[in-house]
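Subject: Structure for you to look at

Hello,

Here is the structure I promised to pass on. Please open it next to the notes below.

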Amino acid sequence: MAEAPTKPVLLTGAAGNLGRMLARELAGLGWTLRLTDIAPFPDPLPPRAAFTRMDLADGVGLLRLAEGCGAILHFGGISVEQPFGTVLGPNVQGLYHVYEAARREKARVIFASSNHSIGFHERPQGNEAKIDVDCAFRPDGYYGLSKAYGELMGRLYWDKHGVENVNFRIGSCFPEPTEARMLSTWLSFADLVRLTECAVTAPRSGHCVIWACSDNPASFWGRDHRDRIGWQPQDSAEAYRARVGQITSGNPVIERYQGGSYTAIDYTRGKPSARDAFDLD
Ligand SMILES: NC(=O)c1ccc[n+]([C@@H]2O[C@H](COP(=O)([O-])OP(=O)(O)OC[C@H]3O[C@@H](n4cnc5c(N)ncnc54)[C@H](O)[C@@H]3O)[C@@H](O)[C@H]2O)c1
């Protein structure tokens, strides 16, 4: 276990599923946290934590909240597929506010990106190669598009301003896998906590992108920048195969692509009936 960061750490999306879990676990590791969300924080405040209710639209408020922080864990915003206009404010403008605050504080940004930024890559079959983090973005909706934008914002702020950032391309972070796809994409809560610890406490990160999934033998994903921050996942979805391995959608679009059900939302291209139905990428 690394030493707790010497400066406070700001956590956006603190009232969300992952935010609540991180607030509890990171406070348990002795971290000093500043929590924020547009929704009220539903739990008792952990030790050394303060909560401020705020919209990511409030750029000045975020500048103030980030004062003196060494890192910003950015888990707030729209976390599922929504219409473009709903995603735009929190995930694009709000992200800009987070990066401007990080730039002023020389803080590192840890960004909760998503597999949905690359969801239209096909799932590898048999011995087919797994994709690496430098694969092309293939977002599977406006939500995934906003995550690709977020990663590129990190690229820009590192290249232009030296703002370090670690982008977690989160697969499916839930207490347990609930369907066959999650045998590939599941990230355990404990692995996310360890990943966050490594991302914040690594001496240097630059701009890096990590496939945030547990040590799943059925993973879709190959190389990333985990060595730079010293992270290795310790859990595996494989133990759940007997329970969830038969749970599939029966929808050929969903089963073909890595993003699963998100790829089929408002899908108008026509359903591929066979794997080679679309020759042109
Ligand atoms: N859970 C997963 O498996 C998973 C997978 C991929 C990516 N992610 C990303 O991880 C992050 C956390 O996911 P989660 O499952 O906890 O989602 P969540 O929806 O439970 O949490 C997101 C939080 O952001 C807050 N929020 C929304 N709009 C806001 C605004 N305008 N201003 C301030 N706060 C706002 C919400 O109130 C909510 O508490 C999200 O960015 C999500 O996209 C999660």
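A patch here is built from residues with over 30% relative accessible area and no salt bridge, and nonpolar side chains are joined into one when they lie within 5 Å. Keep in mind that this is a predicted model.

Surface patch

By that rule, F84, L88, Y142 and L145 make up a nonpolar patch on the surface. Together they have about 370 Å² of accessible area. Helix 3 (84–105) and helix 4 (142–161) each give at least two residues to the patch. F84 sits in helix 3. Its relative accessibility is 45%, so F84 counts as partly exposed.

Nonpolar cores

The largest nonpolar core has 37 residues. Within this core, F75, F168, I170, L192 and I229 touch the most other members. Several elements give two or more residues to it, among them strand 1 (9–12), helix 1 (17–28), strand 5 (108–114) and helix 6 (189–201). Take L192 as a way in. Leaving aside neighbours within four places in sequence, L192 is in contact with L18, M21, L22, F75, F168, C173 and L187. There is also a second, separate core of 19 residues, which includes L10, L65, Y99 and M153.

Cysteines

C198 counts as buried, with 16% relative accessibility.

Salt bridges

Side chains of opposite charge can pair when their charged atoms come close. The whole structure has 18 salt bridges. One of them joins E67 and R104, at 3.4 Å from N to O. E67 is in the loop between helix 2 (59–65) and strand 4, while R104 is in helix 3, so this pair ties together parts that are 37 residues apart in sequence. E67 is partly exposed at 43%, and R104 is partly exposed at 47%. E67, R104 and E105 are linked in a network of salt bridges.

E100 and R103 form another salt bridge, with the closest N and O atoms 3.1 Å apart. They are three residues apart in helix 3, so about one helical turn separates them. R241 pairs with E238, with closest N and O atoms 2.5 Å apart. R241 is partly exposed at 38%, and E238 is partly exposed at 28%.

Best wishes

Note on methods
Residues are numbered from 1 along each chain as its sequence is written. This is a predicted model: local features need pLDDT of at least 70, side-chain atom pairs count only at pLDDT 80 or more; totals for chains, interfaces and linings use all residues. Side-chain values use heavy atoms; hydrogens and water are left out. Patches are made of residues with over 30% relative accessible area and no salt bridge: like charges are joined within 9 Å, nonpolar side chains (Val, Leu, Ile, Met, Phe, Trp, Tyr) within 5 Å. Accessible areas come from the Shrake-Rupley method with a 1.4 Å probe; for residues, only the protein chains shown count as cover. A salt bridge is a side-chain nitrogen of Lys or Arg within 4 Å of a carboxyl oxygen of Asp or Glu. Helices (H or I, at least four residues) and strands (E, at least two) are DSSP runs, numbered from the N terminus. Buried means under 20% relative accessible area, exposed over 50%, partly exposed in between (1.4 Å probe, protein chains only). A nonpolar core is a set of buried Ala, Val, Leu, Ile, Met, Phe, Trp, Tyr and Cys residues joined through side-chain atoms within 4.5 Å. Contact means heavy atoms within 4.5 Å.
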